[in-house]
Amino acid sequence: ARAGGTMSVKGMWRRFERCMDEGEYYDAEQACRSAYFRAVSGAGKKSTQGDVVGARDEAYEFLSEAVQRMVSAGQIHSATSLALDAVKHLRDYPSDTTTTKIEALTRTLGSFSNALNDSTVAASELIRADELYSNQLRALAALIEVDMQNGSACFNELEKLSGVAQWRLSRYADAQDHLVRCVSVSSALLGTMLAEWCSVRGAGVRSERGLFLARAVLMILAHEKSRSIAADEISAYVSTLHAAFCAHLGHPTPETSSLTGVHAPEECALERFVFLLCVAVRSRNYNLFRLLSSAYKPSLSRDPRLERYLAPISRVWFGVEPPRAAGAGGPNMFGSLMSNMMRGMMRPSGGGTRMDTVG
């Protein structure tokens with residue numbers, strides 16, 4: 001098993017397997033890493049390019065299999081450390097990188113969060129959970145770069161995993177940035193995260209919930225990748241997000257308030273704006289979009305960032321470069337016109353929903 005006084009690659013791998021069987025996980029991690037580096041070093045001595053690539057693929061498989069076995073053994077810290085080596089390999093050898101490898105590593109990184117909730121995970125691993133999630137994020141960030149260089153086949157899943165990891169670390173703003181870019185993410189998942197973020201703010205949650213919802217929806221609509229959501233699905237997506245958001249907070253939605261005869265509070269103005277904005281996007285009605293932007297300007301001005309998203313939304317969904325300065329006047333001058341426009345577009349059906357006009 002030795003060549004020139006040094007244990008061979010296969011001998012080192014057998015040592016890894018023996019250590020895993022005996023529960024010597026630190027030694028197993030080191031044995032795997034030694035087998036990997038020796039295999040990569042040996043690849044440079046091959047005579048043909050095919051043999052070089054084959055040897056490097058074998059080295060990568062050592063890391064890939066070791067990560068999975070560490071996860072199965074509940075050794076998430078070692079799994080994360082070896083996963084970082086695997087991502088580095090893909091980054092160092094881009095010509096060897098394939099979509100299949102990226103997809104497999106993405107699935108493996110995605111299994112870490114579930115593994116941390118498994119009863120077989122050692123208590124020492126759970127104590128270091130924040131460190132594990134931080135290392136997972138490092139691996140995900142590097143893998144996103146690799147994926148972008150290979151066609152971005154795993155972009156949505158990687159963004160989702162990054163968002164969930166940031167959420168676990170209570171980095172809510174960073175979690176939102178990832179989740180809104182991942183347009184295929186469950187809108188209920190995003191809504192629940194936003195509600196938790198809103199809850200940790202403590203006092204004033206009820207009056208601020210519209211800000212949280214509006215910020216997330218505007219960020220989604222302003223992103224170029226949001227175009228992969230069909231225009232007629234936008235309202236359904238936002239409705240599901242909103243329902244999860246309100247359910248987690250224990251607040252009624254404006255629809256529920258209307259059906260039960262409870263007047264929707266004034267702080268729901270931004271929530272109404274979000275739903276009317278979805279109508280404008282779904283119907284490609286740029287005039288309605290302009291009216292809403294002006295009519296709800298006082299509410300949008302509560303957070304200066306909200307108005308900044310309107311320009312990209314105008315470009316992405318309506319193909320129009322918005323004027324630099326908004327038109328003069330307040331919300332009341334548009335009340336009647338908007339009511340007339342919305343009467344035909346939002347007519348209730350089957351116990352339907354009343355959409356409050358601006359006022």
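## Residue N135

N135 counts as buried because its relative accessibility is 14%, where buried means under 20% relative accessible area, exposed over 50% and partly exposed in between, judged with a 1.4 Å probe and protein chains only. The model is predicted, so that local features need pLDDT of at least 70 and side-chain atom pairs count only at pLDDT 80 or more, while totals for chains, interfaces and linings use all residues. Residues are numbered from 1 along each chain as its sequence is written, and side-chain values use heavy atoms, with hydrogens and water left out.

N135 belongs to helix α7, which spans residues 129-148. Helices (H or I, at least four residues) and strands (E, at least two) are DSSP runs, numbered from the N terminus. Apart from neighbours within four places in sequence, the residues in contact with N135 are H77, T80 and L84; contact means heavy atoms within 4.5 Å.

## The chain as a whole

The chain contains 19 helices and two strands. Of its 359 residues, 50% are buried. Among contacts with a separation of 6 or more, 69% join residues 24 or more positions apart.

The accessible surface of the chain is about 16700 Å², and carbon and sulfur atoms hold 50% of that area. The area comes from the Shrake-Rupley method with a 1.4 Å probe.

## Residue Y286

Y286 lies in helix α15, residues 286-295. Its relative accessible area is 18%, and Y286 is therefore buried. Y286 and V320 are 34 residues apart in sequence, and their C-alpha atoms are 8.3 Å apart in space.

## The second largest cavity

Rolling a probe the size of a water molecule over the atoms shows where empty space is left. Searching the whole structure gives two cavities of 30 Å³ or more. A cavity is a set of points, on a 1 Å grid over the protein atoms alone, where a 1.4 Å probe fits but cannot get out, and lining residues have an atom within 4 Å of a point. The second largest cavity has a volume of about 40 Å³, this being the space filled by probe spheres set on the points.

Y60, S64, Q68, K101, A104, L105 and T108 line the second largest cavity. Helices α3 (49-72) and α5 (99-116) each contribute at least two residues to this lining, and α5 provides the largest share, four residues. By class, the lining consists of three nonpolar residues, three polar and one charged. Here Ala, Val, Leu, Ile, Met, Phe, Trp, Tyr, Cys and Pro count as nonpolar, Asp, Glu, Lys and Arg as charged, and the others, Gly among them, as polar.

Key
On a 1 Å grid over the protein atoms alone, a cavity is a set of points where a 1.4 Å probe fits but cannot get out, and a pocket is an open set with protein on both sides within 12 Å along at least five of seven lines; lining residues have an atom within 4 Å of a point.
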